[in-house]
Amino acid sequence: MVWGKNDKIFPEHGAHPYPRDLPDAEMHLLDTGHFALEDKLDEMAPLIHDFLDRKVARR
């Protein structure tokens, strides 16, 4: 998951249980707020793409 560490709607502390509960999850905290896709798409897209390349079987 990619999370904005300055998000006021879904604060950072809400992200930390995910890796504990989902062993294959990865967490990336970016220096952004709630609209992370608008602010940091150039950082988020490669992280998501890399995760999918490694974790999802290609057909």
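Trainee: Okay, contact means heavy atoms within 4.5 Å. Leaving aside its neighbours within four places in sequence, which residues is Thr-32 in contact with?

Mentor: Setting those neighbours aside, Thr-32 is in contact with Gly-4, Lys-5, Asn-6, Asp-7, Asp-39 and Lys-40. Before we go on, this is a predicted model, where local features need pLDDT of at least 70 and side-chain atom pairs count only at pLDDT 80 or more, while totals for chains, interfaces and linings use all residues. Residues are numbered from 1 along each chain as its sequence is written, and side-chain values use heavy atoms, with hydrogens and water left out.

Trainee: Got it. Where does Thr-32 lie?

Mentor: Look at the loop between β2 (28-30) and α2 (36-55), and you will find Thr-32 there. Helices (H or I, at least four residues) and strands (E, at least two) are DSSP runs, numbered from the N terminus.

Trainee: And does Thr-32 count as buried or exposed?

Mentor: Thr-32 counts as buried because its relative accessibility is 5%. Buried means under 20% relative accessible area, exposed over 50%, and partly exposed in between, using a 1.4 Å probe and protein chains only.

Trainee: Lys-5 was among those contacts. What does Lys-5 touch?

Mentor: Not counting residues up to four places away in sequence, Lys-5 touches Glu-12, Leu-29, Leu-30, Asp-31 and Thr-32. Lys-5 lies in the loop between β1 (2-4) and α1 (17-21), and at 39% relative accessibility Lys-5 counts as partly exposed.

Trainee: New topic: how many aromatic pairs does the structure hold?

Mentor: The structure holds one aromatic pair. The rings of Trp-3 and Tyr-18 have their centres 6.0 Å apart and their planes at 50°, so this pair is tilted. The rule is that rings of Phe, Tyr and Trp (its six-membered ring) pair if their centres lie within 6.5 Å; planes under 30 degrees apart count as stacked, over 60 as edge-to-face and the rest as tilted.

Trainee: Which parts does that pair tie together?

Mentor: Trp-3 lies in strand β1 and Tyr-18 in helix α1, so the pair ties together parts that are 15 residues apart in sequence. Trp-3 is buried at 16% relative accessible area, whereas Tyr-18 is partly exposed at 40%.

Trainee: What about salt bridges, how many does the count come to?

Mentor: The count comes to four salt bridges. A salt bridge here is a side-chain nitrogen of Lys or Arg within 4 Å of a carboxyl oxygen of Asp or Glu. One of them joins Arg-20 and Asp-21, with the closest N and O atoms 3.1 Å apart, and Arg-20 is exposed at 62%.

Trainee: Which residue does Arg-54 form a salt bridge with?

Mentor: Arg-54 pairs with Asp-50, with closest N and O atoms 2.9 Å apart. Both lie in helix α2, four residues apart, about one turn of the helix. Glu-26 also belongs to the picture: Glu-26, Asp-50 and Arg-54 are linked in a network of salt bridges.

Trainee: And Glu-43, which side chain does that one meet in a salt bridge?

Mentor: Glu-43 meets Lys-40, at 3.4 Å from N to O. These two are three residues apart in helix α2, so about one helical turn separates them.
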